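Have the sequence and the model ready.

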Amino acid sequence: QALKKIATMNRQEFLRCVAEEINHALENGIATRLLVLLPQKLRDTAVSRKTCDFDIEFLDEGLQRCEALVLKCPCSICEKTVPGDTLCMPECSVSKRKLLMSVLARTALEFDPTRYSHGDITRLVVARHSEACRSRLERRSFARAVIQRAKRDMHVAASRKRTQRIEALRDAMGAGAFSEMVHRQLWTRRTRGSPSGCGQDWAQTLQWWHSDEAMMYWNPPPQPCPSHVSDVLQGRGLNRCLEGLSGCFPVVEKSWEVPKSMVPYLALRITDWLQERQEDHFPGLRSRCCMSGRVNFNREDGERVPSVHISCKQHMGDDLVLLDAASLENLMPGDVVTPLGLLKVNGRVVATIAWEDVALALPRPHDKFDVYLRGHRPQTSRLAVGWDLTNTLEEAELHIVWFCLWGRSWELRVKLVAAESGETLEELWQRFSNDLEAHYAPMYQHFLVRRRLYADLEERTLAALHSLMRRTCSLVQPMVK
């Protein structure tokens, strides 16, 4: 009986302290979490009046509801057992409000009036509720990640089936006939609708055409900053790059075995490393670089090398984005790509191969009125087109040539071959960059020596010419007189 009486007294004291803290928070314009003990109508009234002058029995009833709550949920989110093929978020009965009610019930049970100071209840409830919400967020994030993987796998499977149908049709028709068919279908897609015969559809399209969503289709796709998509590689091959040069060509060949998933990223880092040396460190030392890469993928399973155009977000030339090419072009396993540049866009490595005039395609079902909305030739932008080599590049060979003075050049050939390796990308690049620097440093010192000798020779030649001119003038002047 004594313990029960003490618990009742502590409970009443807890409710009185809660009422004081609610009033203090409302006076300062703060909607404290302790208001959950009140019914919704009384809660709104307290917030509007900035005071809580209700009978303490309302708080007692709210606390009883909190104590009666059983916070148990057998869902797969709480148990972290979401099946791998789940495509939508499972239902979960645990909400933030129920977590707050559970925290209040536990705080009231542990309340000790002798250790209380003003504001302790609010601080303790906020801390415990925040921790419970973080735990709930982690469980839901885990479930969301599983669902996203399942959706991605579903889209990948659907994309591969579509690719299988396209490639089968390409093989049956031949590449030339297939390309002509795609071109005809694209034109038919833009002209298959007529305003006179599709009254309701045309009205809906006109309404969409003048909405904010359609504004991006009024203009051509934005062009990225030229420095981000410039052609930094020699796409015509190394031998033609070296035509007309004389002198010796010390050749250093290096072959590195790396995991297949890292081949495109390491090739990109090598080209970036060379570009950084060329532009920022030693611009006087000219260089040329060309690259050839061999792709390999399982064409029978629907894998492909996507053809993409490189654009950017509106008014943000530095933020690159990829646009799917409508040509449905594809490479064959074993094909060799000789890019004009390597770019990293949203984690993907793209090898640019050409430049094309590109217009955005209207989304369905409005695309059938495209000709009536934008004319036979919509506005285009000159964009780089390339291949997405992120998952298909199996082997890459880079030829780098530094041009010293007097026709002498230094050549470095780097070959990246797919193989099994336990090293990470950063560990591999640290080792490779040290190797590249070890080759680059003495070559640049040799270039500096040759440049000094060239400067001395040029200075002596100019001095000799000046001396010859003075002597010639001294001989000619008496004859003129």
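Predicted model: local features only at pLDDT ≥ 70, side-chain atom pairs only at ≥ 80, totals over all residues.

Residues are numbered from 1 along each chain as its sequence is written, and side-chain values use heavy atoms, with hydrogens and water left out.

Me: How many disulfides does a search of the whole structure find?
Reply: A disulfide is a pair of cysteine sulfur atoms within 2.5 Å. For Cys78, the nearest cysteine sulfur is that of Cys92, 3.6 Å away, and Cys78 is in no disulfide. Over the whole structure, the search finds 0.

Me: Is Cys78 buried, exposed or partly exposed?
Reply: Buried means under 20% relative accessible area, exposed over 50%, and partly exposed in between (1.4 Å probe, protein chains only). Cys78 has a relative accessible area of 22%. Therefore Cys78 is partly exposed.

Me: What span does helix α3 reach from its first C-alpha to its last?
Reply: Helices (H or I, at least four residues) and strands (E, at least two) are DSSP runs, numbered from the N terminus. Helix α3 covers residues 56-68, which is 13 residues.

Me: Where around the axis of α3 do its buried residues lie?
Reply: The buried residues of α3 are Leu59, Asp60, Gly62, Leu63 and Cys66. They cover an arc of only 165°, taken from the directions from the helix axis to the C-beta atoms. Glu57 and Ala68 are exposed on the other side.

Me: Are α3 and α5 roughly parallel or roughly perpendicular?
Reply: Axes are lines fitted to C-alpha atoms, for helices over the stretch in contact, and angles run from 0 to 180 degrees between N-to-C directions. Angles under 35 degrees count as roughly parallel, over 145 as roughly antiparallel, 65 to 115 as roughly perpendicular and the rest as oblique. α3 and α5 (residues 96-109) pack at about 105°, with their axes 8 Å apart. Therefore they are roughly perpendicular.

Me: Leaving aside its neighbours within four places in sequence, which residues is Ser76 in contact with?
Reply: Ser76 sits in helix α4 (residues 76-79). Its relative accessible area is 15%, so Ser76 is buried. Contact means heavy atoms within 4.5 Å. Beyond those neighbours, Ser76 is in contact with Thr81, Val82 and Pro90.

Methods: Expected span 1.5 Å × (residues − 1).
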